[in-house]
Amino acid sequence: MCIRHPIVTMNCNPGPQSSIQQQREHWNRNHSTSARKLVQTEQLYNHQLQQIITYFVDILNAKGTLKQGIRESIFSSIKEIHSINQVLLVHLESGCIGRGFDLFCPNLQYYNTYVDNIYNASKVLRIQLKKNKAFRRFKKLQETRSEFNNHKLEELLQLPVQRIDQYKHFLQNLIANISPDNPEFQPLSRALNVVCTVSQRIENNTRCYENHLQLCRVQKLLKGQQMKVLAAGRWYIREGWLKVVPPKGAQTKPMMFFLFSDMLLQAKRCSPLYPTNGNKFVGQHAYPLQDCTVEKLSFPKAKLLLMSSNQVDLNEWYKSLTSAIRLLYLQPGSR
């Protein structure tokens, strides 16, 4: 007996309509996941802000451990931030994300105030911890509370700055998973533009602060105050040893060079006979890049011939110099 099994055919290529439906379901899932995580993290963030205000700001105010000006320098606009975020949370929990951000974004000046002050806040906090024993003990005691989960005040003060970056990613994900025809698309897009502006402000502040630290570091490396490194609008680029070739063919001399956005500083190591200055340098020449031509690295009143045994390093110096000079020429009124 021969038994014939029925032949079952399967279509491995779903039709266009099925693919579109699957893509829509995928977008909806991603959108729902992002929205849920946004609400959950916003709830936690609001709770953390409330804890900082309750256990630090309000108690410090009541105890008078810090003067009002100092307290405001450390905590800045954190109370105002908590206030506007409470309103945002109400809308997020009700599912009105676009509406919530539409009301939230016009108040982001409180975040601007906060992020502009964050490095000053860190500085004031360090000073107070060093000279104010009562505040030092208070801070240590409060940080041991279970509400803070072993986080230091320095970390807690970074929360509003970090939250801006989180908003940026949440909004990008939400927008990427809805149609432009969706009523939420426009308010979310507006919110993303505003949040990105604050995020860029944070990045710019960070760059300026890091550059300031570099300028201060170089200034401390130089003996005396004859060479002024700290100057408005000056940017640190790089530093390193290069060999200076004397004009009359004498032996090359290794010198330390510091390249900034507007000048090239040549320095030599201080004499080892003075241990206190052993790691310092004496500034010799400050070559303004405004007067520099890249081809031969020459200046109207001085010619400088540099060399290095490391060709890669020399090439990098050449690139840095040409780039710095080009940017300087592009500035209004440079010529």
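**Salt bridges and aromatic pairs in the predicted model**

K139 is buried, its relative accessible area being 7%. In this predicted model, K139 belongs to helix 6 and forms a salt bridge with E143, with 2.6 Å between the closest N and O atoms. Both residues lie in helix 6 (residues 133-143), where a separation of four residues corresponds to about one turn of the helix. E143 is likewise buried, at a relative accessible area of 6%. The two residues belong to a network of salt bridges that also includes K152 and E154. When neighbours within four places in sequence are left aside, the contacts of K139 are F56, L129, L153 and E154.

The model contains 12 salt bridges. One of them joins the side chains of D262 and R234, at 2.9 Å from N to O. This pair connects distant parts of the chain, 28 residues apart: D262 is in the loop between strand 2 (253-260) and strand 3 (263-269), while R234 is in the loop between helix 9 (185-221) and strand 1 (236-244). D262 has a relative accessible area of 25% and is therefore partly exposed, whereas R234, at 10%, is buried. R234 also takes part in a cation-ring arrangement, its charged end sitting over the ring of F260 at 5.9 Å from the ring centre.

A further salt bridge is formed by D313 and R238, whose closest N and O atoms are 3.2 Å apart. Because D313 lies in helix 10 (residues 311-330) and R238 in strand 1, the pair ties together parts separated by 75 residues in sequence. D313 is partly exposed, with a relative accessible area of 22%; R238 is buried, with a relative accessible area of 17%. R238 additionally lies over the face of W317, 4.7 Å from the ring centre.

Aromatic pairs number 11 in the structure. Among them, Y55 and F148 form an edge-to-face pair, with 6.1 Å from centre to centre and 85° between the planes. Y55 is in helix 1 (residues 16-63) and F148 in the loop between helix 6 and helix 7 (153-156), so that the pair links distant parts of the chain, 93 residues apart. Both Y55 and F148 are buried. The pair formed by F101 and Y167 is edge-to-face because the ring planes stand at 85°, with the centres 5.7 Å apart. This pair also links distant parts of the chain, F101 being in helix 4 (residues 97-104) and Y167 in helix 8 (residues 159-176), 66 residues apart. F101 is buried at a relative accessible area of 1%, and Y167 is buried at 0%. Ring pairs also connect Y55, F56, F138 and F148 into a cluster; F56 is one of the residues in contact with K139.

Y110 lies in helix 5 (residues 109-131) and is partly exposed, at 28% relative accessibility. Beyond neighbours within four places in sequence, Y110 is in contact with S77, E80, I81 and I84. The C-alpha atoms of Y110 and S77 are 6.0 Å apart, although the two residues are separated by 33 residues in sequence.

The average pLDDT of the chain is 87, and 87% of the residues score at least 70. In residues 1-10 the pLDDT is below 50, and this stretch makes zero contacts in the model beyond near neighbours in sequence.

Definitions and conventions: Residues numbered from 1 in each chain as written. Predicted model: local features only at pLDDT ≥ 70, side-chain atom pairs only at ≥ 80, totals over all residues. Heavy atoms only, no water. Helix = DSSP H or I, 4+ residues; strand = E, 2+ residues; numbered from the N terminus. Buried < 20%, exposed > 50% of the residue type's maximum accessible area, 1.4 Å probe, protein only. Contact = heavy atoms within 4.5 Å. Salt bridge = Lys/Arg side-chain N within 4 Å of Asp/Glu carboxyl O. pLDDT = per-residue confidence, 0-100. Phe/Tyr/Trp six-rings, centres within 6.5 Å; stacked < 30°, edge-to-face > 60°. Lys NZ or Arg CZ within 6 Å of the ring centre and 35° of its normal.
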